[in-house]
Amino acid sequence: MKLLILGGTRFVGRHLVTAALARNHEITLFNRGNHPSADLTNVETIYGDRDSDLAKLQGRRWDAVVDTCGYLPRTVRASAEILSHSVDAYVFISSQSVYVDVSVPGVDESAPVKLLTSEQLNQANAIDSSGQASAATYGAMYGGLKALCEQSVEEVLPNRVLIIRPGLIVGPHDYTDRFTYWVVRVARGGEVLVPAPPDRHVQFIDVRDLAEWIVRMIERKQTGVYNANSLPYDLTMKSVLEECKNVSASDASFTWASEEFLLREKVAPWSEMPLWLPEEAAPHLRGFMFINCDKAVAAGLSFRPLSDTIRDTLTWRQTNHLNEELKAGIERDREQGLLRKWHETH
């Protein structure tokens, strides 16, 4: 097949390229060139900004386009319109953040998605124009924007759209470091501050499992909406951390601090303490780590061993970014101070 990938050099996109090339497909990338990658070879790149340079894609033909970086509905609609006669299928990488209610486990693809207020739509249009938004503004609208992007693509190319809604995506080249923090921190060894309880369930997907499955879905000309995540109830915080310890052969020991303590000390969920969503403080997210992915599994989504994900993530980090600060996770001195506080009171 001939595949066009919008984006394609950072994380999900680069793994899609790898997976597609491994199956002998021909790849064209369209991006601004802001994140060049020397190891992405045998691909054509058309340089341009999707806000102003989409005309560069006219007059070409691809079997499918994969949109890895669509966030703003107006921009996504413009991409779909200009490619509507150039591709057979449009694959949109969305997010499970589109769902209105994830307060209970088992949310599937039929669940209602978020809407934006007229005020938020005006803010989104301002983002479209300026390309700038505060993290708080953007974060509050993220799920609604993604839902509107999905709607826009389906309106332009009805019955020709494959929408993928992943949860937390992990693995080599993850520039958020949300999963990588635990891999690196446990490998460093010593006493590790972790969020109780140990049997807290977590859910994420290896980027390579996601990418390889998406390529197979495109080959089979599949359309529709699919959640893409690991199986709910399959992983716990303890099982993930213990596997990190086994893989790195570290001497790490785990101190399970209570939710009450972490919140009192203003430890930021998800950023300072990745994978942690406090149940009492965030009851609206109690089902976020229990998204139903039966439809994707029935369509061939499979999962490599957790040890492979951990080992490859650690190797990538140590090989390419050994001395760089992690973008997520708790700072070392703060962790030590919190551990001392915990032991003083428990």
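My entries on the helix pair and the loops follow.

**Ground rules.** I am working from a predicted model, where local features need pLDDT of at least 70, side-chain atom pairs count only at pLDDT 80 or more, and totals for chains, interfaces and linings use all residues. Residues are numbered from 1 along each chain as its sequence is written, and side-chain values use heavy atoms, with hydrogens and water left out.

**Helix pair.** I looked up α7 (residues 237–248) and α10 (residues 306–320), which pack at about 60° with their axes 9 Å apart. I noted a right-handed crossing of α7 past α10. From α7, the contact (heavy atoms within 4.5 Å) uses Ser239, Val240, Glu243, Cys244, Val247 and Ser248. The α10 side brings Leu306, Ser307, Ile310, Arg311 and Leu314. Sorted by class, I have 6 nonpolar, 3 polar and 2 charged residues in this contact.

**Loops.** Next I checked the backbone. The peptide bond from alanine 196 to proline 197 is cis, with omega near 0°; proline 197 sits in the loop between β8 (191–195) and β9 (201–202).

Which phi did I find for asparagine 159? Its phi is near 65°, positive although the residue is not glycine. Asparagine 159 is in the loop between α4 (135–156) and β6 (161–166), and is exposed at 66% relative accessible area (exposed means over 50%, buried under 20%, partly exposed in between, with a 1.4 Å probe and protein chains only).

Aspartate 177 also has a positive phi, near 65°. Aspartate 177 lies between β7 (168–170) and α5 (180–188), in the loop, and is buried at 2%.

Note on methods: Axes fitted to C-alpha atoms, helices over the stretch in contact; angles between N-to-C directions. Helix = DSSP H or I, 4+ residues; strand = E, 2+ residues; numbered from the N terminus. Left-handed = near helix turned anticlockwise from the far one by under 90°. Nonpolar A, V, L, I, M, F, W, Y, C, P; charged D, E, K, R; others polar.
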